[in-house]
Amino acid sequence: MGKIEIVEGDITREKVDVIVNAANSSLLGGGGVDGAIHRAAGPELLAECRDLRSSTLPDGLPPGDAIATGAYEIKKVKWIVHTVGPNRHAGQTDPQDLARCFSNSLHLARSLSARSIAIPAIGAGVYGWDHETVADLAIRAALAEQRERGGIDRIRFVLFSKDAAAIWSQAKLTHLGR
Ligand code: AR6
């Protein structure tokens, strides 16, 4: 069985094969973790996202889907996987869409042969989901991933505050009992 880690920190400083971005459908940047990742990766990331929009994703990335780009100036990372949480404030309240953000990001990272991944609390900021719900869905997806043959060994959930990390640690305890 692989490792599921809960840490407090800034995801742009992680040393893993893949980091996940909580983007919006436009893929053209925003605030929160999206803003931090674009600032750290530099303008080439935005250029690749613009290319994706004008080629394969003219209507943007739907909630729950995931797509990979390079990591550019984030040198310790090989790829960035972008996913879009459902926006509760826009009436997107189906938790299955949020669960798909985690499972699709993990599947995509595995298809890139990633052995380690860092994931933020997708949906728990601007998009209005509570950490308890997000943590529960995320840890379920991580456990399912690690039950698969060739599943990713090291899955790190990177939380931006001590309070959030405490909620996620409790959710991990509930699922794993250790
Ligand atoms: N490292 C780790 N976690 C972070 C970081 C960071 N550097 N910065 C913020 N967080 P949010 P969402 C946490 O709002 O709810 C953007 O504008 C943050 O404290 O970034 O999915 C996009 O463009 C929170 O717990 O993502 C979209 O428009 C979590 O990351 C929209 O926000 C997610 O908060 C997406 O909203």
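Author: Start with a definition: helices and strands here are DSSP runs, numbered from the N terminus. With that naming, α1 gives the most to the shell around the ligand, 4 residues. Keep in mind that the model is predicted.

Reader: Which elements give two or more residues to that shell?
Author: Those are β2 (18-23) and α1 (32-41).

Reader: And which residues come nearest to the ligand?
Author: Among the 24 residues around the ligand, the nearest are A22, N24, G30, G32 and G125.

Reader: How many of the shell residues are nonpolar, polar or charged?
Author: The shell has 14 nonpolar residues, 8 polar and 2 charged.

Reader: New topic. What is the mean pLDDT?
Author: The protein has a mean pLDDT of 97, with 99% of its residues at 70 or more. The model also scores ipTM 0.99 and pTM 0.98.

Reader: Which residues of α3 are buried?
Author: They are L98, R100, C101, F102, S103, S105, L106, L108 and A109.

Reader: What do they pack against?
Author: The buried residues of α3 pack against β2, β3 (66-70), β4 (79-84), β5 (116-119) and α4 (131-147).

Reader: What happens just after α3?
Author: S113 takes a positive phi there, about 65°.

Reader: Last one: what does UniProt annotate?
Author: An unreviewed UniProt entry has "domain: Macro" covering residues 1-176. In the model, that span is 40% helix and 19% strand.

Key. Residues numbered from 1 in each chain as written. Predicted model: local features only at pLDDT ≥ 70, side-chain atom pairs only at ≥ 80, totals over all residues. pLDDT = per-residue confidence, 0-100. Near = placed C-beta within 6 Å. Nonpolar A, V, L, I, M, F, W, Y, C, P; charged D, E, K, R; others polar. UniProt positions renumbered as here; feature names shortened; annotations may be inferred. Buried ≥ 20, exposed ≤ 12 C-beta atoms within 10 Å, placed from the backbone. Contact = placed C-beta atoms within 7 Å.
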